[in-house]
Amino acid sequence: MKSAHAKVLHEVGGRSMIEHALRAVSGAGASTLVAVVGHERDQVSAAIDAFSSTVIHAVQENQRGTGHAVQIALDALDEAPTGTVLVTYGDVPLLSSETLAELLVDHRAAGRAVTILTAELDDPTGYGRILRNEAGDVTAIREDKDATDEQRAVREINSGIVAVEAAFLVDAIKRLESNNAQGELYLTDIAGLAFDEGRPVGAHLLEDVWQTEGVNDRAQLARLGRELNRRQTQHWMSEGVTIVDPETTWIDSAVTLAPDVTLMPGTQLLGATVVAEGATIGPDTTLRNVEVGANATVIRTHGSDAVIGADATVGPFAYLRPGTELGTKGKIGAFVETKNAHIGDGAKVPHLSYVGDAEIGEGTNIGAGTIFANYDGVNKHRTTVGKHARTASNNTFVAPVEIGDGAHTGAGTTVRKDIPPGALAVSKGEQRNIEGWVEQNRPDTTSAQAARDAKKDDSDGE
């Protein structure tokens, strides 16, 4: 990956690949999870613990193959496992719990020692091949580097994902040998050992080959990301969501959408965003961990860790930073930035304003070009605006300050002191015009010439 981050920590659909893997095995009903970690293990272990503190960590100091990794996992257990052991990987982000559950059902129903999850590829280059006898029984798995030309012609491949009878696995893993092209202990060799002992070995053929695909570089990461997103958009459309252009719409795995939501082109819904019924998002909108209420409209907006109430409107060109809460039927309009601000029901911040560390009451209207000056150079302070207040254009509220219910302000006012309820605050004196200032101080400018021409026109008109 050529990255400072471990491969399995790279994200697909808003989740790291290791989280996708952990969710898949947890959803399949695993009672005990063991994660074998090696390269960049401190990073990977932290991510695993963030998902679940009950996962057992097994450290593979030297990477000697998949068989060795499974031996490390078995050694990490307090006692030998019973029942069925499922082995999967941390870099197959499209693998689903449903597929693993089906693999386990097939394995147990057939009474096999080993069941391999397989797929058929048009180009199986690089994958281990499934070898069968004339009766169709699986006899072995041959890695690509160790296969003959005839074996490489086989299109059925080993995904590396297997279900194994626990007692057989504990015994067989000790008998693996490294006499192969890579000098490693191959887990796949247990299939041949089982067959040679007359134990049932089979394959669970998966038609959805995407689920077996791993990630080894950035191009594969992007390819699987596109496919997962295609599946996400298809799923939500089947649930009653209108997605005008699925190809330009991105929906993370943890997003929740209600029926009759409409997503316009260029929309990205990321993290744990939740959108209620009837809301319209986009075009050209990115929301991360944002809760959007029913029938709200959000246009050309970037938002994170915010709440938008029912029937509210946001945008265009709004920036909702963490801690923003917009009430029912509220409005955050064009070129407005908000942060750590609670804007009450029916309250409006229509245009060209910054609202930081603020409480705005129900039904209040904030005039265009208003700045909530919340930072004194050392600390942040909060401004409170009461209910049904009306503040004029180009106001500056120097926090901490409180504006009472029903209060008004004049245009261009700088508010440095509290305003009582129902009062009008103005901070400007009467306008003073200095006649002839431009001609006296800027005599050679076009402004001065325009002024002289205007005076001449006035005198000619008289």
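Here are a few notes on a helix pair, an annotated residue and an annotated domain in this structure.

1. Before anything else, keep in mind that you're looking at a predicted model.

2. Start with the two helices α1 and α2. Helix α1 covers residues 17-27 and helix α2 covers residues 41-51. Their axes come within 10 Å and cross at roughly 40°. As for handedness, the crossing of α1 and α2 is right-handed.

3. Which residues in α1 and α2 meet? On the α1 side they are I18, E19, L22, R23 and S26, and on the α2 side they are A47, I48 and F51. Sorted by class, this contact of α1 with α2 has 5 nonpolar residues, 2 charged ones and 1 polar one.

4. Now the record. An unreviewed UniProt entry places "domain: MobA-like NTP transferase" at residues 6-133. In the model, that span is 36% helix and 21% strand, and the C-alpha atoms at the ends of residues 6-133 lie 40 Å apart.

5. The unreviewed UniProt entry also lists H351 for "active site". You'll find H351 in strand β27, which runs over residues 348-360. H351 has 38% relative accessibility, so it counts as partly exposed, the class between buried (under 20%) and exposed (over 50%).

6. What does H351 touch, leaving aside residues up to four places away in sequence? H351 is in contact with A334, F335 and V336, and also with G367, A368 and G369.

Key: Residues numbered from 1 in each chain as written. Predicted model: local features only at pLDDT ≥ 70, side-chain atom pairs only at ≥ 80, totals over all residues. Heavy atoms only, no water. Axes fitted to C-alpha atoms, helices over the stretch in contact; angles between N-to-C directions. Helix = DSSP H or I, 4+ residues; strand = E, 2+ residues; numbered from the N terminus. Left-handed = near helix turned anticlockwise from the far one by under 90°. Contact = heavy atoms within 4.5 Å. Nonpolar A, V, L, I, M, F, W, Y, C, P; charged D, E, K, R; others polar. UniProt positions renumbered as here; feature names shortened; annotations may be inferred. Buried < 20%, exposed > 50% of the residue type's maximum accessible area, 1.4 Å probe, protein only.
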